[in-house]
2 protein chains.
Amino acid sequence: MTPTEATDRLLEAAEELFYAHGVQAVGMDAVRTRSGVSLKRLYQAFPAKNDLVEAYLRRRDERWRASLRAFVHACGDDPLAVFGWLRNWFSEPGFRGCAFVNSFGEFGEPAPGIAAAIREHKDHVRTYLRGLVPDQATADQLFSLVEGATVLAAITGDPREADTAREAAKVLLAA
Amino acid sequence: MTPTEATDRLLEAAEELFYAHGVQAVGMDAVRTRSGVSLKRLYQAFPAKNDLVEAYLRRRDERWRASLRAFVHACGDDPLAVFGWLRNWFSEPGFRGCAFVNSFGEFGEPAPGIAAAIREHKDHVRTYLRGLVPDQATADQLFSLVEGATVLAAITGDPREADTAREAAKVLLAA
DNA sequence: CCAAGAGGAGAACGTGCGTTCTCCAGCCAC
DNA sequence: GTGGCTGGAGAACGCACGTTCTCCTCTTGG
């Protein structure tokens, strides 16, 4: 197994486990078992668990935003499509809220790299929405709706929070 | 020290520590030290840590909503006052986001009592907003804004997220 | 003054986990 | 074949923490 292949399998396993059960609830041994990569290789690729967590967050950020971007772009870059995408996401079987918000809650004082990954993810999403909506203030308002809908969908388990936010976004965009 | 006084001091210490550092990062010994209540009495009042966590959340729910209600009522029950209260909350020195959202993120599969406390808190807030705003759909939209602003203020550290949400709320209420 | 019990301080126990170490099997150059 | 290297499996170590246990010290009633 090549080192890059090992890294891929580690990140894949880490994402599945960390997102589903939370970072703290998943031991390095579980990542090892799920990925099939030996502990020695694991610690060669990621010298400490924090490094793996940060890599997990950064990779999830990339993929999450790529998926959103692709969906919205296919809808002609209509800002309201964001909420259609959210609705689909909330309906996925394993949906458990925003990985970054969850991680923020998990660590009282996150390691610097982890805190940075969380903040940068939110910055990237905000920047993306500002590109989608001409008016910056409106974009920030939509961002708040997106975050709110995600938190509430996670806690209540109801994907229709996306529809509620969508209706609000429609009004804000028309104003 | 009377048992009820011990319970009060335990809950006070638990809230300060759990909210500031996260539940998992705080050991029972830290609660004991902070409260000045012996471990024996602690375990008499709360047979397990989960019981203390659940009591912490339920007490915080009561006080948090009481504070919001009082502030908004003093503003003539204007729904927009909710966002003024949020702004104040976000500006407090120890602000670290919503305790319930943070706890939800901390526990992959929360104990039943804890999960119920989290869900019931959000239900109570939603019900309160529905009482404040005649139109139920609009109330739910404001709720989404409230949650979004709270999450973003916690992560970015910027209390002005409350103002962003307030502007959005103003538009939604006028529609 | 004594007996008995309550309550506190903190040691002790068991467990889980991040990280490191040990040992061994397989593979290469010669 | 043989000596040395790579990499895997999993034991071992150290620590933290939830929970329980032990012992000691006060208080109180007679």
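This is a predicted model: local features need pLDDT of at least 70, side-chain atom pairs count only at pLDDT 80 or more; totals for chains, interfaces and linings use all residues.

Colleague: Let's look at how helices pack. At what angle do helix 4 and helix 5 of chain A meet?

Modeller: About 125°, with the axes of helix 4 (residues 49-74) and helix 5 (residues 81-91) of chain A 9 Å apart. Angles over 145 degrees would count as roughly antiparallel and 65 to 115 as roughly perpendicular, so helix 4 and helix 5 of chain A are oblique to each other. Their crossing is right-handed.

Colleague: Which residues meet there?

Modeller: From helix 4 of chain A you have L68(A), F71(A) and V72(A), and they meet A81(A), V82(A) and W85(A) of helix 5 of chain A. By class, that contact has 6 nonpolar residues, no polar ones and no charged ones.

Colleague: What about helix 7 and helix 8 of chain A, how do their axes cross?

Modeller: They cross at roughly 130°, and the axes come within 8 Å. Helix 7 and helix 8 of chain A are therefore oblique to each other, and this crossing is right-handed.

Colleague: Who makes the contact on each helix?

Modeller: Helix 7 of chain A brings V125(A), R126(A), L129(A), R130(A) and L132(A), while helix 8 of chain A brings Q136(A), A139(A), D140(A), L142(A) and F143(A). The class count for this contact is 6 nonpolar, 1 polar and 3 charged residues.

Colleague: New topic, the two protein chains. How many residues does each chain give to the contact?

Modeller: Chain A gives 38 residues and chain B gives 38 residues. On chain A's side, the elements that give two or more residues are helix 1 (3-21), helix 6 (99-106), helix 7 (112-132), helix 8 (136-156) and helix 9 (161-174).

Colleague: Which helix has the largest share on that side?

Modeller: Helix 8 of chain A, with 14 residues. The side of chain A that touches chain B has 19 nonpolar, 12 polar and 7 charged residues.

Colleague: Now the DNA. Which residues come nearest to DNA strand C?

Modeller: There are 13 residues around DNA strand C, and G27(A), M28(A), A48(A), K49(A) and S38(B) come nearest. Helix 2 (28-35) and helix 3 of chain A, along with helix 3 of chain B, each supply at least two residues of that surface.

Colleague: And which are closest to DNA strand D?

Modeller: S38(A), G27(B), M28(B), A48(B) and K49(B) are the closest of the 13 residues that surround DNA strand D. Here helix 3 (39-45) of chain A, plus helix 2 (28-35) and helix 3 (39-45) of chain B, each supply at least two residues.

Colleague: Last one: what classes of residue are on those surfaces?

Modeller: The surface near DNA strand C has 6 nonpolar, 2 polar and 5 charged residues. Near DNA strand D, the surface has 6 nonpolar, 2 polar and 5 charged residues.

Technical notes
Residues are numbered from 1 along each chain as its sequence is written. Chains are lettered from A and ligands numbered from 1 in the order in which they are written. A residue is near a molecule or strand if its C-beta atom, placed from the backbone, lies within 6 Å of it. Helices (H or I, at least four residues) and strands (E, at least two) are DSSP runs, numbered from the N terminus. Ala, Val, Leu, Ile, Met, Phe, Trp, Tyr, Cys and Pro count as nonpolar, Asp, Glu, Lys and Arg as charged, and the others, Gly among them, as polar. Axes are lines fitted to C-alpha atoms, for helices over the stretch in contact, and angles run from 0 to 180 degrees between N-to-C directions. Angles under 35 degrees count as roughly parallel, over 145 as roughly antiparallel, 65 to 115 as roughly perpendicular and the rest as oblique. A crossing is left-handed if the near helix is turned anticlockwise from the far one by less than a right angle, and right-handed if clockwise. Two residues are in contact if their C-beta atoms, placed from the backbone, lie within 7 Å.
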